[in-house]
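Q: Could you walk me through this one, starting with how its parts touch each other?
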Amino acid sequence: MRRRIDITRPVLWLVALVLAVLILLPLSWLAVYSLTDKARHFTLQNFVTLFSDPDFLDPLLTTAIIAVTSAAICCVVAAPIGWLVSRSDMPGRQTIRALMTASFVTPPFLGAVAWELLAAPNSGLLNQLFRALTGAESDAHLFDIYSLPGVIFVISCYTFPFVFVLVANALDTMPGELEDASAILGAKAWTTARRITIPLALPALLAGALIAFLQAMTLFGSPAILALPAGFHTMTTKIWSLFQYPPKLELAAAAAVPLLVLTILLLQTQRALLGRRGYSVVGGKYGPPRRVELKGWRWVAMIFCLIVLLNPVFLPYLALLNAALSPNATTFVTPSTLTLHNVVFVFTELSATALVLKNTVILGTAAATIGTILALVIAYVTTRRLIAGSRILGLLATAPVAVPGIVLGVGLFLSYTRPPFVLYGTLWILLIAFLTINLPTAYQQLQAAFATIHPELEEASRILGATRLTSLWQITAPLLRTGVIATWCFIFIGVMRELSAAIVLFTSQTKVLSVLIYDLNESGDLAAIAVLGIAMLVITFAVVLAVNRIPMFGASAGARLRNS
Amino acid sequence: MASVELRGLTKRYGSVAAVDNVSLKIDHGRLVCLLGPSGCGKTTTLRLIAGFLEPTAGEIHVGDRLVSSKARTLPPEARNMSMIFQSYALWPHMTVADNVTYGLKLRKLDRVTIDKKLAAILATTKLAALADRYPGELSGGQQQRVALARALIVEPETLLLDEPLSNLDANLREEMRFEIRRLHDEYRYTTVYVTHDQSEAMTTADLIAVMNGGRIDQLGTPEDIYDRAQSEFVARFIGAANIIKGRARDADHLEFAGAMLRVTGAALVSGETAAIAIRQHDISLSARAPQDPGNVIRATVLRQVFLGATRDYLVAAADGTSLRVVTAPGNLVTEGSEVFLTLPPERCRALAR
């Protein structure tokens, strides 16, 4: 009899160890720093300062206001659109869905820059238009994006798609018979909506609200671009400013703790809400839901959706396009002033471009490749329950979801600026950050892919005489191929649009695309941003379109809960 | 060519024994059904034989080879077995021909031999016209036959079937039952067949092992199992039997509902409570007292249903025990009337357990 040599176990332990280091090390240092002073003696002083000094209390309050109002706006806007797209006979439903995806994948910081172009008090295109149309004074303006409402508005623009996806998915999968059953018992349309449809969709809406809240709370790019010029801070920008000279790392760590704790709590709540949603599909066979006829309101509904989408998609994209092609980012381009100068400038003259593109491609490729392999191994082990404790492995792999980007950035900075791992200043630290941030999505996607492959497919191969490796190679790998490619692409895009962790980890030699865009914004070079931003969007759309052709992943793109 | 033997086979998950000390010897070329309700351990037993699971205790021998024991388990690929899965497990990215020849390619046979064997098995399973289709393009019955062809083409020593017909509709199921038996008779491998459907087991098996709670409750030919159930579980699970409980007067007499029944089967112990089984269609029911008063009890009709070929009665005996009786359709007694039931002594099987 042949002795079975099982190399799987050591490999799995190694993976578990890597995961533990990736996630636990930064969080541990975060905890240590937040609870000690410069000499590493235990103290609660950091938290006392945090919760008593107006310098910190104000951002805390601002963040709370932004998060609550954004979440509320997102629900109010996204829920009706979700219902219209999923349940009504509104024309152009597929187009609205596609445009939602577009605003979904637009990096929020790029949207913020675009809205600077549109609604800065003096140079904003909308304000210029307002002055031209009304003949108002040259210092009059209609909008001021550098304000608390401005920040809330822009954050909501790129957050409400999260709510939309959750609500629309819930309504899509809700069996129409549930409503029919209510109607046949004598309920009028509105009663059915109030007693059946809305209660069934409510958990998804609440879960969406929590995600929107989290997103608004942990976003760095938009507030940094819009709030700092207006002279106020949010928690994320405050944490970032604590990294500026002279760095106050203990306070930064302490300031990150509330974000982390709140995120974990809210995600738990969200899971509980969505977990109970299972009751909406109980037994029996269901047909697709009936569409509600809007009659004369069909076109009104569509126009409403398009007007909403003006804000995250049409206007910003036009503004970026305008800035990219005009000699001056903030003047309207005309056929005679149309120029490709900005494009030429960015790709040939701007010295940072080459380095940044190289870094981004290296990091994107490396993170996507390593991340996919890591996620593949973990997903295989957890779906096939190969070792005891595989559940823990799965938990570790999804844990980074609960760590906001900037919090992870702080933790990594603290962990890897000291022996034995001095990685700060190298691409390694960014690689670790991007890997950690993208691991949960990659793992969830591949786990879903594995779950669709019945274990008996592998067993059928083995009983016919193939070893485990042969079976994996001949049966599992070909069936997983599309899933693996999709995951790789998603990580690559994720790396490209990540800003909040990169902003505390980059050095002059390790800049990435998102950081460059942020820097260019500081130096007021909006035309260059427009060119880079459009390039970024084109790549992203190409990838998303390609991936959406794979049916398995079309829907789960909505599972991405990451912010930039 | 090989027999399959399980010796004290046990598989525990934590403190729960899914398979509990099962011993079974299957001679070469026989077809054995593991029959039982879901959760009785039959599929676990099959997966232990296949080598997908390692036993907690006990051994599995194939021919003179020890293939599974607590210490060493031969991996599935080294067992020269084939298996048909409940889901069929056809590989969706391969055509019918690719699916079927997979095992032969692993065995590194030459192209010509593979083609010859493929043509033969496709003809046997009536799939020749479908060789280039993908599994997704086939009907359920066709998929089932591909699974059969894929398992048989490698000429296994042992064929394992895990509820192979549970996904088919009733007509196809009947047809495939005989197909499986026919192919078994043609190729003469040792077959272990797992099912929860007793008529499937009856039509295909040489031997049936009725499983309950991880153990084999009764092992026997289909006739044994049907006519000579040894336990209440088997009597209830196989066919439609009434269970009558009473007090034994001597080795072959049972006191029940004010009457004395002569019974056969296991010897009863005087004075003890005992159970007997009698099938619904073995009881004769009449409105008038029969001439021979032996083994007759009185009962009241609770309800009756006309089923076309038969008439189905639910009656209550004097002590309240309810019995089902199947009679000729013309035998009509109204609900609420008193009737006389004759329970032929040779049909009253005293149960050992």
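A: Two residues count as in contact if their C-beta atoms, placed from the backbone, lie within 7 Å. This is a predicted model, where local features need pLDDT of at least 70, side-chain atom pairs count only at pLDDT 80 or more, and totals for chains, interfaces and linings use all residues. Residues are numbered from 1 along each chain as its sequence is written, while chains are lettered from A and ligands numbered from 1 in the order in which they are written.

Q: OK, how many residues of chain B are in contact with chain A?
A: On the chain B side there are 22 residues, and they meet 17 residues of chain A.

Q: And which elements of chain B give two or more residues there?
A: Those are strand E6 (81–84) and helix H2 (96–106) of chain B, where helices (H or I, at least four residues) and strands (E, at least two) are DSSP runs, numbered from the N terminus.

Q: Switching to chain A, how is it divided into domains?
A: Domain 1 covers 1–43 + 352–504 and domain 2 covers 44–281, with bounds that come from an automatic or database domain assignment. The centres of these two domains of chain A, taken over C-alpha atoms, are 28 Å apart.

Q: What does the contact between them take from each?
A: Domain 1 of chain A contributes 21 residues and domain 2 of chain A contributes 24 residues.

Q: Which helix gives the most on the domain 1 side?
A: That is H18(A), which gives five residues to the side of domain 1 of chain A that touches domain 2 of chain A.
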